[in-house]
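Welcome, and please open the model in your viewer. We will go from stop to stop, with something to select at each one.

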Amino acid sequence: MTETHRKPGTTPSPQTTPDLETADVIVVGAGPTGLLLAGDLAEAGLSVTLLERRPATLSNLTRALAVHARSLEQLDARGLADELVAGGHRLTSLGLFGSAVLAPAQLPTRFPFVLITPQFEVERLLERRARQAGVTFRYDSEVLGVDQDADGVTIRLRDGDGIGSAHASYVVGTDGARSTVRQAVGLPFPGKTIIRSMLLADVRLAQEPPSPFTVSASPDAFALIGSFGDGWYRVIGWNRHAQADDRAAVDFAEIREVARLALGTDYGMHDPRWISRFHSDERQAPQYRVGRVFLAGDAAHVHSPAGGQGMNVGLQDAANLSWKLAAVLKGHSPDTLLDSYQTERHPVGKTVLRSSGAMVRLALLRSAPGRALRGFLAQAVNHVRPLSRRAIGTVSGIAVSYPAERGAHPLTGHRAPDVRLADGSRLYELLRRGAFVLIAPAGDTAALGPATDRVLTASWASDRRTALLVRPDGYIAWATDATRPADRDAALRTALAHWTGTGIAPTAAPGSNSAVKQAS
């Protein structure tokens with residue numbers, strides 16, 4: 001078994017035996033979702049073990065290509081976005097069904113584009129961060145079972161040393177569509193296959209496509225080609241007249257044919273390094289939490305590749321869950337805070353299933369009335385601005401918001417934009433510290449008592465009078481337009497007590513122009 005690494009302040013469960021490896025959180029699955037989650041928890045000072053069934057030397061070359069704006073914002077809040085963007089292609093238009101084209105340029109974000117970059121680049125940055133934060137990586141570790149009680153969770157596993165166990169306060173399954181963790185806790189994965197015999201290949205091209213992300217469809221086929229940026233291209237295609245079982249061998253000629261049918265050319269494809277056949281499912285677990293066990297990413301939901309949303313939704317699951325687990329494990333919040341993960345993220349997963357499924361179904365319409373409907377909807381998306389904004393907001397994740405209590409400020413639950421602050425910094429730069437951020441009107445920081453590091457304060461660069469409390473995942477927890485200190489400060493104290501624990505006060509961010517006042 002791998003040597004156990006623990007951080008100061010981490011207390012094993014009373015039922016943990018001396019030879020049982022322990023951690024605050026065990027994350028199962030070292031894809032982007034698991035890596036982001038593990039890195040967040042370790043940066044919060046928790047002990048984290050990340051289990052991965054694959055060997056460490058197995059390259060993960062052939063998965064997602066698109067990183068959407070909201071995911072880039074989450075990576076920006078971890079200091080990783082600019083490096084990732086520098087090595088990718090910025091896509092300013094995204095083709096959907098028929099001739100529908102979404103324009104990310106209209107998004108209110110630092111990242112008004114779709115970044116085309118291979119998933120392994122996202123994983124490389126997230127893995128580097130997780131290792132630097134102290135995450136213990138265990139590859140070649142297969143989960144055999146999950147047992148939990150009031151004190152924690154024990155995972156039975158098989159690795160190179162044989163059969164063993166690992167114990168944690170919480171476990172998160174980010175282990176993909178065939179999640180062993182999900183099966184071990186008895187959760188179903190209802191849904192259905194929506195399209196069969198899809199082809200996937202990584203190839204070289206003799207001719208460069210007009211865009212790093214090219215997609216099109218005909219009545220009998222669709223295909224997309226995406227660039228890895230290093231001379232290799234990903235091809236995904238489907239041919240209505242060439243359906244076969246997933247286990248059937250794929251001839252390279254099939255890949256070239258489906259590209260010609262859908263795109264009009266195969267761009268001189270040659271030298272395939274990887275070819276596969278797969279099917280696309282729409283499935284979602286009814287619950288993302290069972291006691292001390294959680295699901296995130298593909299372990300919780302799978303859907304069609306339309307819109308390139310899969311990896312992105314998983315990253316945003318992780319960003320939502322990580323700060324809540326940290327708050328509970330550090331004693332700042334009650335365990336009931338973790339129930340909000342289901343409340344907030346399950347509806348998002350359902351929306352993505354529906355929207356990506358609709359794109360696929362529209363692309364596959366074959367009848368004359370169906371094609372006419374597709375054309376009409378494409379024109380509506382292209383020319384009706386509110387519909388266009390809603391569509392790109394949904395696909396990019398920028399429009400995602402969470403439920404708010406009745407009577408809450410209209411901004412509550414919405415994504416916080418990356419606003420400029422009075423000291424010249426940006427909100428998402430402050431979020432890199434993993435704390436709440438209170439943005440107050442200039443010269444009017446609330447008097448909340450002795451400062452701690454749980455809440456940073458900053459002032460608007462503008463003369464705006466709204467006060468905002470922004471969660472570590474970049475969503476607005478509380479807001480007020482009240483200007484009378486008595487009205488505002490009492491409500492803010494209540495919000496701070498609810499979200500971060502009682503007796504908590506903000507501390508000014510380094511270099512901030514805002515001042516922290518002492519409570520009388």
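The expected span of a helix is 1.5 Å times one less than its number of residues. Helices (H or I, at least four residues) and strands (E, at least two) are DSSP runs, numbered from the N terminus. You are looking at a predicted model, in which local features need pLDDT of at least 70, side-chain atom pairs count only at pLDDT 80 or more, and totals for chains, interfaces and linings use all residues. Residues are numbered from 1 along each chain as its sequence is written, and side-chain values use heavy atoms, with hydrogens and water left out.

**Stop one: helix H7**

Select residues 310-329, which form helix H7. Its 20 residues should span 28 Å at 1.5 Å a residue, and the end C-alpha atoms are 29 Å apart, so the two agree. Is H7 mostly covered or mostly open? It is mostly covered, with 18 of its 20 residues buried (under 20% relative accessible area; exposed is over 50%, partly exposed in between, with a 1.4 Å probe and protein chains only). Step just past H7 to Gly-331, which takes a positive phi of about 80°.

**Stop two: H1 against H4**

Now show helix H1 (residues 32-43) together with helix H4 (residues 119-133); their axes come within 8 Å and cross at roughly 25°. Axes here are lines fitted to C-alpha atoms, for helices over the stretch in contact, and angles run from 0 to 180 degrees between N-to-C directions. H1 and H4 are therefore roughly parallel to each other, a label for angles under 35 degrees.

**Stop three: Thr-49**

Pick Thr-49 in strand E2 (residues 48-51). Thr-49 counts as buried because its relative accessibility is 5%. Leaving aside neighbours within four places in sequence, Thr-49 is in contact (heavy atoms within 4.5 Å) with Glu-21, Ala-23, Val-25, Ile-26, Val-27, Thr-136 and Arg-138.

Select H10, where Ser-388, Ile-392, Gly-393, Val-395 and Ser-396 are buried. Among the elements covering these buried residues are helix H8 (339-363) and helix H9 (368-383). Just after H10 comes Gly-397, with a positive phi of about 85°.

Finish at Ala-422, in the loop between helix H10 (385-396) and helix H11 (427-430). Ala-422 counts as partly exposed, because its relative accessibility is 32%. Asp-463 lies 41 residues from Ala-422 in sequence, and their C-alpha atoms are 9.9 Å apart.

Key
Angles under 35 degrees count as roughly parallel, over 145 as roughly antiparallel, 65 to 115 as roughly perpendicular and the rest as oblique.
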